[in-house]
Each structure stands twice: as structure tokens, then as C-alpha cells.
Amino acid sequence: MNPAPILQIKELCKVFATNEIPALSHINFQLQQGEILGLLGPSGCGKTTLLRLIAGFEAPTSGHITLNSDIVSTPERNIPPEQRNTGMVFQDYALFPHFTIADNIAFGLRHRNKKLSKQAIKKRIQETLTLVGLTGLEHRYPHELSGGQQQRIALARALAPRPALILLDEPLSNLDVQVRHHLRQEIRQIIKAAGISAIFVTHDQEEALAISDRIAVMRAGKMEQFGTPEEIYTNPSSRFVAEFVTQANFLPAKISGDTWETEIGKFRVAAITPVDIAEGELMVREEELELIPQAEAPVVVRERQFLGREYRYCLQTDSGKYLHARTGIQTMVPVGSRVEVKVQTNQPHFFLAS
Ligand SMILES: Nc1ncnc2c1ncn2[C@@H]1O[C@H](COP(=O)(O)OP(=O)(O)OP(=O)(O)O)[C@@H](O)[C@H]1O
Ligand SMILES: [Mg+2]
């Protein structure tokens with residue numbers, strides 16, 4: 001039998017008084033001990049609101065939240081944040097500028113656990129700084145650290161009280177791409193080493209895939225899909241998820257049996273389709289397009305980028321639609337030339353026109 005989940009969310013809804021449209025609508029999910037959940041979705045879909053409800057900064061309109069087998073949020077009774085065993089990391093670090101790094105980390109500890117001795121606090125600061133790889137910086141002030149270091153201190157501050165669950169709201173979005181890539185792997189390792197559970201909000205699909213054990217994709221206050229990164233990437237449940245999580249082309253298509261008729265040609269693909277004849281869109285990933293130079297073909301190469309291991313092409317059909325393709329560097333097609341495009345996929349996805 002699985003141990004009890006660390007977090008259970010049941011039928012959670014949140015409607016703000018000034019906003020008729022629900023910020024969260026019937027959210028249900030569970031988080032297991034030690035699991036990292038990536039929360040992915042466009043701006044305004046309710047990611048921060050969900051974290052704020054879990055942390056206790058807001059009460060739900062209906063539904064409830066169970067943390068460590070205790071019901072902590074209901075519309076009638078909302079346990080305050082300092083009495084929940086959670087830690088939060090914000091996008092802008094929110095470090096206290098006039099406190100040293102040690103005092104920044106100690107603040108959360110003292111606030112949460114009034115009985116800790118001075119010595120115990122000192123020890124915990126050292127342990128946490130070691131965990132985030134920043135020993136020796138305890139006497140500095142936040143402005144004396146780089147953005148990436150400040151974000152690791154913010155993580156240390158949230159981890160120091162040893163919460164059961166840590167909530168990270170776009171912690172990397174203020175950092176440049178290189179630091180971001182490095183830190184996302186590091187944050188995953190730190191959380192795993194600390195053995196705690198985490199919810200990591202991002203609107204960057206690659207970041208979500210890299211850091212999460214499971215991913216929840218949200219849309220307009222609702223949970224659109226919940227699954228492992230592999231499930232979400234290979235089997236998106238809707239066009240919305242597909243567009244959000246994968247880099248793909250969506251080709252208007254008519255399907256009948258195993259034949260797909262599109263503007264760039266007919267393709268035969270073995271696929272299970274819900275109906276015999278349908279109209280909709282065929283999802284084709286960039287790496288699933290094969291380009292064959294041909295003077296009479298209905299597609300023109302508009303741009304080519306060399307990305308080291310591959311080329312990325314921007315193509316345009318005669319009707320004006322843009323497509324993107326990635327090929328190995330052995331396929332070098334000149335810009336301005338015409339190509340026949342073939343779809344090479346074992347796993348076609350078809351989204352019915354709604
Ligand atoms: N205190 C509030 N009062 C009224 N409406 C709010 C409040 N907080 C959030 N909202 C609304 O709830 C919805 C969800 O907001 P939320 O901040 O959770 O989105 P988000 O997914 O975190 O977006 P972003 O990616 O831009 O941070 C939005 O429509 C927002 O305007
Ligand atoms: Mg937000």
C-alpha cells in the first residue's frame with residue numbers, strides 16, 4: 001500500500017470577490033512524499049493562487065486541502081501559514097536587504113520554531129548553506145551576491161525549518177538563461193537530497209519537463225492534464241496541452257481511415273482515430289518532418305538556423321502557413337528553395353475541430 005500522500009486537494013475552488021470568473025475551479029490532485037510537481041500554465045491560469053491557498057495565505061471558496069493527514073484549509077477554517085509545515089520561494093527572492101545571509105535564513109527558523117537554541121540555529125544555517133552549496137557566505141548581505149546565489153539563499157531560507165512541502169513560484173524567471181539551466185538541475189538535486197516534496201510553478205515547458213516527477217497543466221483555473229513529463233509530452237490530452245508542452249506544427253487535416261489529407265500532401269499513418277471521417281488538426285513535431293528538395297513542391301524554405309547538432313527550418317506553404325522543421329546537419333536545404341514535406345511519425349496526434 002502507498003503511504004498517505006503528503007498533500008491532498010479536493011474539489012478546490014477560489015472565487016475572488018472582485019472577480020466573477022473563478023481563479024480556481026474544482027481542482028483535485030495528490031502529492032506523494034518526496035515528489036516534485038511542476039505546475040505549468042499561461043499567465044493568469046491560477047498557479048500563484050493555488051500555491052497561496054496551499055500555503056494558507058488565502059482561504060478556499062469551497063473544497064479542502066489536507067496536509068500531512070490534517071485538514072488545513074476549508075471555507076470555514078483556514079490554518080494560518082506559520083502553523084503549516086510549508087515553505088515558500090518567490091520569483092523576486094524576497095530576501096531582507098538589511099539582514100546578512102545568516103540572519104535571512106535564521107528569520108524563518110525563529111519564526112517557525114521559537115524553541116530552537118542559538119546554537120541549534122547556527123548549526124541549521126550551516127547545514128542549509130552546505131545543502132545549497134554556499135558555505136562561507138553567511139556574513140554577506142543580499143546585494144553582495146549574484147542573482148543565482150540570492151535565489152539559492154531564498155531556497156535555503158525556505159528549507160531551513162525543514163518543511164514537509166516547499167512551494168516555489170517561478171523561482172528562476174528573473175535569471176539569465178545559463179544560470180537558469182544550471183540552477184534548475186541543482187534545485188531538483190537539493191530538494192531530493194532534503195527528501196521533501198515540492199510544487200514548482202513555471203510557465204517554461206522545458207523547465208517543467210526537466211525538474212518535475214509529475215506535471216499539472218492548468219488552463220483558466222482548471223487542471224487540464226496531470227501526468228509524468230513523458231506522458232504529457234508524448235500523449236497530450238488536448239490541443240491546448242500539446243501547444244503548451246511540445247514544439248509542434250498543427251496542420252489542418254481531413255482524416256479518413258488511415259489517410260490524412262493536408263495542404264502539404266496526403267499521408268498514410270497507422271493510427272487509432274475516434275471516427276472514420278473527421279476534420280481537425282494533425283500535430284507534427286518539428287523533428288517528424290522530412291524535407292525533400294523538389295522544384296515543383298508547395299512549400300518554400302524561408303529560413304535556416306544552425307543549432308550545432310541540427311538545423312531548424314522555417315517553411316512556408318503556398319497558402320501562407322508557416323511550419324517549423326528540425327533535421328540532422330546532413331540535410332542542408334538552401335533558403336529560397338522548394339521542398340516536399342513528408343511526415344515521419346509512429347505516434348500521430350489528431351485533435352478534432354471543436
Ligand atoms: N487578490 C486577488 N483579487 C482578485 N483577483 C485575483 C487576485 N489574485 C489573483 N486574481 C485573479 O485570479 C486569476 C489567477 O491569478 P494568478 O495570480 O493565480 O495567475 P498565475 O497563473 O499565477 O499567473 P502568472 O503566470 O502571470 O503569475 C487572475 O485572473 C487574477 O487576476
Ligand atoms: Mg503567478
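**View 1. A first look at the whole chain and its contacts.** In the protein chain, 64% of the contacts with a separation of 6 or more are between residues 24 or more positions apart; two residues are in contact if their C-beta atoms, placed from the backbone, lie within 7 Å. This is a predicted model, in which local features need pLDDT of at least 70 and side-chain atom pairs count only at pLDDT 80 or more, while totals for chains, interfaces and linings use all residues. Residues are numbered from 1 along each chain as its sequence is written, and chains are lettered from A and ligands numbered from 1 in the order in which they are written. The C-alpha trace of the protein chain spans about 80 × 45 × 45 Å along its principal axes. Of its 354 residues, 35% count as buried; a residue is buried if 20 or more other C-beta atoms lie within 10 Å of its own, exposed if 12 or fewer, and partly exposed in between, with C-beta atoms placed from the backbone. You can look for 8 helices and 20 strands, where helices (H or I, at least four residues) and strands (E, at least two) are DSSP runs numbered from the N terminus.

**View 2. The two domains.** Domain 1 covers residues 7-239 and domain 2 covers 247-352; these bounds come from an automatic or database domain assignment. Taken over C-alpha atoms, the centres of domain 1 and domain 2 are separated by 39 Å.

View 3. Strand β1 (residues 7-14) pairs with β2 in the antiparallel sense over 5 bridges. Leucine 7 has leucine 31 in β2 as its bridge partner.

**View 4. A sheet of 5 strands.** Here the open sheet runs in the order β15-β19-β16-β17-β18, again with antiparallel pairing. Strands β15 (289-293) and β18 (322-328) are the edge strands, each pairing on one side only. On average, neighbouring strands of this sheet are turned by 40° against each other, direction ignored. Strand β17 (residues 310-317) pairs with β18 in the antiparallel sense over 7 bridges, and tyrosine 311 has threonine 327 in β18 as its bridge partner.

**View 5. Around ligand 1.** The shell of ligand 1 holds 13 residues, and the closest are Phe16, Ala23, Ser43, Thr48 and Thr49; a residue is near a molecule if its C-beta atom, placed from the backbone, lies within 6 Å of it. By class, the shell has 3 nonpolar, 9 polar and 1 charged residues (Ala, Val, Leu, Ile, Met, Phe, Trp, Tyr, Cys and Pro count as nonpolar, Asp, Glu, Lys and Arg as charged, and the others, Gly among them, as polar).

**View 6. Two loop residues with positive phi.** Most residues other than glycine have a negative phi. Serine 69, in the loop between β4 (62-67) and β5 (70-73), has a positive phi of about 70°. Serine 69 is exposed, with 9 other C-beta atoms within 10 Å. Alanine 220, in the loop between β9 (214-219) and β10 (222-227), has a positive phi near 45°. Alanine 220 counts as partly exposed, with 16 C-beta neighbours inside 10 Å.

Note on methods. Two strands pair if DSSP finds at least two bridges between them. Axes are lines fitted to C-alpha atoms, for helices over the stretch in contact, and angles run from 0 to 180 degrees between N-to-C directions.
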